[in-house]
Amino acid sequence: MELHRIIKADARRALRRYWAKSAVSAIVVFSAYLAIALAESVLLFVFSGKESPSLDIFSLSSTPIEVVVIIGCAALAFCLLMPALIIGYKKLHLVFAEGGEAAVFTLFDGFSTFGTFLKSIVFYFLMLLRRIAVIAVALVPGTALIYAAYTFIVPESRTVYILQLCAYCVGAVLILLCLAIGFIFMQRWFAAPYLLASGKGIHRSFSLSVKATKGLYTEIIRFKLSYIGWALLSVLILPLLWSLPYYSTASAIY
């Protein structure tokens with residue numbers, strides 16, 4: 001699509017000036033994530049002798065208290081640190097997309113005030129709830145069919161058994177189809193993080209994103225899929241430090 005080619009060309013031009021800053025900001029975000037994960041693994045190994053012990057939420061009484069505390073603290077650290085960093089990362093690339101100047105420290109603008117910090121956490125919590133709701137709705141038709149086939153179809157004969165298997169297969173296909181539709185539907189929030197980073201409120205970011213992406217869901221997916229080659233190359237660190245700034249800048253322009 002011509003629009004996508006124009007966006008990518010603009011992103012490459014922007015990265016001629018800002019690639020280093022974008023790469024450094026990506027390293028900072030990944031380092032924060034890895035620091036939390038590493039600290040969790042080390043503490044779990046020290047206190048439980050296992051790097052990743054099982055944590056069954058249905059039998060917490062049988063789980064060592066230190067494991068619960070360590071995993072809980074790691075989850076809390078992730079929830080407190082990463083949303084503000086990600087919003088700062090989006091804001092940085094919005095500036096790059098507009099051809100403006102910004103220091104890497106823009107990455108930490110999400111921590112500038114308590115209100116901004118809290119807004120980023122609430123935003124990503126609401127985004128997570130929206131995605132979970134879409135996935136839950138998408139799973140209903142297929143799982144309902146499979147449950148009905150398991151409950152009400154008694155395989156007393158070969159024909160009925162084949163009928164039950166067919167119902168299971170149709171249910172599985174229905175689950176995959178509905179999940180694909182749900183993924184397409186989720187693209188309505190593609191612009192929301194960038195709108196929040198530009199200074200919009202939480203509710204307004206979601207509502208404006210829905211309006212901005214109306215009728216463009218499949219185009220946004222095509223845009224994302226066009227980077228699948230870069231994603232495959234990103235198995236190595238060096239391509240990742242090019243492909244991630246490239247995709248982030250192009251997304252901000254989009």
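Reply: Asp-10 and Arg-13 sit together in helix α1, three residues apart, which is about one turn of the helix. Their side chains meet in a salt bridge, with N to O at 2.1 Å. The term here means a side-chain nitrogen of Lys or Arg within 4 Å of a carboxyl oxygen of Asp or Glu. Helices are DSSP runs of H or I with at least four residues, strands are E runs of at least two, and the numbering goes from the N terminus.

A word on ground rules: this is a predicted model, so local features need pLDDT of at least 70 and side-chain atom pairs count only at pLDDT 80 or more, while totals for chains, interfaces and linings use all residues. Residues are numbered from 1 along each chain as its sequence is written, and side-chain values use heavy atoms, with hydrogens and water left out.

How open is that pair? Asp-10 is partly exposed at a relative accessible area of 27%, and Arg-13 also counts as partly exposed, at 45%. The cut-offs are under 20% relative accessible area for buried, over 50% for exposed, and partly exposed in between, using a 1.4 Å probe and protein chains only.

Arg-5 pairs with Glu-2, their closest N and O atoms being 2.6 Å apart. Both lie in α1, which runs over residues 2-48, and again they are three residues apart, about one turn of the helix. Glu-2 has 45% relative accessibility and so counts as partly exposed.

Leaving out residues up to four places away in sequence, Ser-22 touches Leu-15, Tyr-89, His-93, Phe-96 and Pro-245, where a contact means heavy atoms within 4.5 Å. Ala-23, also in α1, is buried with a relative accessible area of 5%. With neighbours within four places set aside, Ala-23 is in contact with Leu-241 and Pro-245.

Lys-91 lies in helix α2 (residues 65-97) and Asp-109 in the loop between α2 and α3 (114-152), so the pair ties together parts that are 18 residues apart in sequence. Lys-91 is partly exposed at 30% relative accessibility, and Asp-109 is partly exposed as well, at 26%.

The axes of α2 and α3 are 8 Å apart, at an angle of about 95°, so the two are roughly perpendicular to each other. For helices, an axis is a line fitted to C-alpha atoms over the stretch in contact, and angles run from 0 to 180 degrees between N-to-C directions. Under 35 degrees counts as roughly parallel, over 145 as roughly antiparallel, 65 to 115 as roughly perpendicular, and the rest as oblique. On the α2 side of this contact you find Cys-79, Leu-80, Pro-83, Ala-84, Ile-86, Ile-87 and Lys-90, and they meet Phe-117, Ser-120, Ile-121, Phe-123 and Tyr-124 in α3. By type, the contact residues divide into 10 nonpolar, one polar and one charged. Nonpolar covers Ala, Val, Leu, Ile, Met, Phe, Trp, Tyr, Cys and Pro; charged covers Asp, Glu, Lys and Arg; the others, Gly among them, are polar.

α3 has another partner in helix α4 (residues 158-186): their axes come within 8 Å and cross at roughly 170°, so these helices are roughly antiparallel. That contact is made of 19 nonpolar, five polar and one charged residue. The loop between α3 and α4 is where Val-154 sits, partly exposed at 49% relative accessibility. Val-154 and Thr-113 are 62 Å apart, C-alpha to C-alpha, with a sequence separation of 41 residues.

Last, the cysteines. There are zero disulfides, a disulfide being a pair of cysteine sulfur atoms within 2.5 Å. The closest cysteine sulfur to that of Cys-73 is in Cys-79, 12 Å away and too far for a bond. For Cys-178 the closest is in Cys-169, at 16 Å, again too far. Cys-73 is partly exposed at 47% relative accessibility, whereas Cys-178 is buried at 16%.
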